[in-house]
Each structure stands twice: as C-alpha cells, then as structure tokens.
Amino acid sequence: MNFNPFRNLFQPNGSITKEAIDEYTCNEYDRFITIKQVFNRLIVYEKGNDSMKKNYKIDVDCANCANKMEEAAKRTPGVKDAVVNFMALKMVVEFEEGQDPKTVMQEVLKNCKKVEDDCEIFF
C-alpha cells in the first residue's frame with residue numbers, strides 16, 4: 001500500500017487548502033491527527049512555555065565563590081533556576097512566569113553580593 005499523507009494538502013500557489021486543515025492524516029502506526037490539532041498543540045506548547053532564560057557574564061574569583069553565587073541566585077524570588085559556570089564566567093538564569101528580568105537581576109546581584117562581596121554580574 002502506497003500511502004501519501006501529504007495528498008491534497010497544498011494548493012498550486014503553496015497555501016494550505018481548507019480541506020487539508022480539516023482532513024485526517026495518519027502515519028504508519030495508524031494514529032490519527034488533524035493539521036488543525038497539530039497547530040493547536042504547537043500554540044499551547046508555546047503559551048505554556050512562558051519561562052525565560054537569559055545568559056549573563058559574571059566576574060568571580062574562585063569556583064567556591066561561583067557556587068555561592070549560584071545558590072544565592074536560586075534563592076532569589078522570581079528565579080526559577082540558576083546555573084553558574086565558573087570556567088566560562090557565565091550565569092544562566094531562568095525566570096518564573098511574568099517576572100521582569102531586569103528587576104529580578106537587581107535582586108540577584110544584591111543577594112550574590114551578600115555572600116560574595118567582590119562578585120559582579122554584567123547586565
């Protein structure tokens with residue numbers, strides 16, 4: 001059996017046909033899904049992924065100090081997760097939903113200065 005799941009999906013100009021959006025396509029495992037369902041799942045995935053990660057250059061003297069900075073950053077409200085790479089002198093911060101990174105990073109810097117006063121985070 002020669003099954004082509006892409007039959008009648010596109011018009012000659014390249015746009016997706018109305019029938020393609022409503023038509024069922026299937027793969028070799030006979031799981032059915034509509035094109036519309038695929039797009040909806042992608043949109044839901046994007047909306048559900050509101051957390052944001054940002055990279056920051058840091059200045060720190062030793063690996064132990066970098067570890068202290070990481071722990072201080074993780075305890076800061078608005079931070080979902082933080083990772084400090086001493087060798088690369090880099091901090092990756094993942095923010096919680098709806099948080100302003102600039103405001104949160106000011107608090108991260110304050111908390112890091114409490115545990116290691118000569119550290120620096122470059123925004």
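## A tour of the salt bridges

Start by selecting K80 and E94: the two form a salt bridge, with their closest N and O atoms 3.9 Å apart. Keep in mind as you look that this is a predicted model. Now colour by secondary structure. K80 sits in strand β4 (residues 79-85) and E94 in strand β5 (residues 90-95), so this pair ties together parts that are 14 residues apart in sequence.

Which of the two partners is buried, and which is exposed? K80 counts as exposed, at 52% relative accessibility.

How many salt bridges does a search of the whole structure find? The answer is four, so let's visit another couple of them.

Jump to helix α4, which covers residues 101-115, and pick out E107 and K110. They make a salt bridge too, and the closest N and O atoms are 3.4 Å apart. Both residues lie in that helix, three residues apart, which is about one turn of it. With the surface still on, check E107: its relative accessible area is 35%, making E107 partly exposed.

For the last stop, select K113 and E120. Here you'll find a salt bridge whose closest N and O atoms are 3.5 Å apart. What does the surface show for this pair? K113 is partly exposed at 30% relative accessibility, and E120 is partly exposed as well, at 27%.

Technical notes. Residues numbered from 1 in each chain as written. Predicted model: local features only at pLDDT ≥ 70, side-chain atom pairs only at ≥ 80, totals over all residues. Heavy atoms only, no water. Salt bridge = Lys/Arg side-chain N within 4 Å of Asp/Glu carboxyl O. Helix = DSSP H or I, 4+ residues; strand = E, 2+ residues; numbered from the N terminus. Buried < 20%, exposed > 50% of the residue type's maximum accessible area, 1.4 Å probe, protein only.
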